[in-house]
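Here are my notes for a colleague opening this entry for the first time. Please keep the view open while reading.

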Amino acid sequence: SAKTKAGTKSGSFFYFFDKAFEKTNLFFTFSAEKKAKKALENAEERLAEAEESASENNQEAVETAMKDYQENISLAETEARGIKDEAKTKTLLSTIASSTSKHQEILTEVLNKVSEEAKEAIEKAIEASKKGREEAMKEEKEVSENKQEVENLAETIKKVRQEREQKKEIETLKQKVEKKSNANT
């Protein structure tokens, strides 16, 4: 089951306020890393709500939670890609991949508990979770490849600078030799 505690569920009078508070909290979070983490936390809360709603046979609440889950996973991925620090991006994408993998297990359990009408919403969430995991893993790999390319480029630049320095030294030595040669003649 979901490790996060379910929040106010869809259909409750307070659900609107819960969602409004989350959106406001995300709006005033300016760091892409923190925003991605909060979106992932919100997704996990929606997952817990879906799981609890499925146990209560509240299909409408399950569908609403799954829709919100998908939105939060997408936001987490988008924000993770916006992080400038490659190490933080890689760590966060790894966290998203790991979380969505666990989410898929929970969603599969929820799928077995809901009626046929709600299964479509769960199946969409499972697909979104799979896509999120695949995207996060792909992005994580690209970050690693980009880091390697940057390291290779830095090494190449270092070699070019060394070669330039050597050429300058050679030119300086040639000029000294020419001066001595001219002075001796």
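**Notes on the helix packing**

1. Helix α1 (residues 15-27) packs against helix α2 (residues 32-55) at an angle of about 160°, and their axes lie 10 Å apart. Angles over 145 degrees count as roughly antiparallel, so α1 and α2 are roughly antiparallel to each other. The crossing of α1 past α2 is left-handed. Bear in mind that this is a predicted model.

2. Now the residues in that contact. From α1 come Tyr-15, Asp-18, Lys-19, Glu-22, Asn-25, Leu-26 and Phe-27. They meet Lys-35, Lys-38, Ala-39, Asn-42, Glu-45, Arg-46 and Glu-49 in α2. By class, the residues of the contact of α1 with α2 are eight charged, four nonpolar and two polar.

3. α2 and helix α4 (residues 86-113) pack at an angle of about 10°, with axes 10 Å apart. Angles under 35 degrees count as roughly parallel, so α2 and α4 are roughly parallel to each other. On the α2 side, the contact includes Glu-33, Ala-36, Leu-40, Leu-47 and Ala-50. On the α4 side, it includes Leu-92, Ile-96, His-103, Ile-106 and Val-110. The residues of the contact of α2 with α4 divide into ten nonpolar, seven charged and four polar.

4. How many of the 24 residues of α2 are buried? The count is 18, so α2 is largely enclosed by the rest of the structure. Buried here means under 20% relative accessible area.

5. The length of α2 also checks out. At 1.5 Å a residue, its 24 residues should span 34 Å. The end C-alpha atoms of α2 are 35 Å apart, which agrees. Just after α2, Asn-57 takes a positive phi of about 60°.

6. Is Lys-84 buried or exposed? Lys-84 sits in the loop between α3 (59-81) and α4. Its relative accessible area is 78%, and exposed means over 50%, so Lys-84 is exposed. Lys-84 and Asn-57 are 27 residues apart along the chain, and their C-alpha atoms are separated by 44 Å.

7. Last, look at Lys-141. Lys-141 lies in helix α5 (residues 116-184). Lys-141 has a relative accessible area of 53%, so it is exposed. What separates the C-alpha atoms of Lys-141 and Lys-90, 51 residues apart along the chain? The separation is 8.2 Å.

Key
Residues are numbered from 1 along each chain as its sequence is written. This is a predicted model: local features need pLDDT of at least 70, side-chain atom pairs count only at pLDDT 80 or more; totals for chains, interfaces and linings use all residues. Side-chain values use heavy atoms; hydrogens and water are left out. Axes are lines fitted to C-alpha atoms, for helices over the stretch in contact, and angles run from 0 to 180 degrees between N-to-C directions. Helices (H or I, at least four residues) and strands (E, at least two) are DSSP runs, numbered from the N terminus. Angles under 35 degrees count as roughly parallel, over 145 as roughly antiparallel, 65 to 115 as roughly perpendicular and the rest as oblique. A crossing is left-handed if the near helix is turned anticlockwise from the far one by less than a right angle, and right-handed if clockwise. Contact means heavy atoms within 4.5 Å. Ala, Val, Leu, Ile, Met, Phe, Trp, Tyr, Cys and Pro count as nonpolar, Asp, Glu, Lys and Arg as charged, and the others, Gly among them, as polar. The expected span of a helix is 1.5 Å times one less than its number of residues. Buried means under 20% relative accessible area, exposed over 50%, partly exposed in between (1.4 Å probe, protein chains only).
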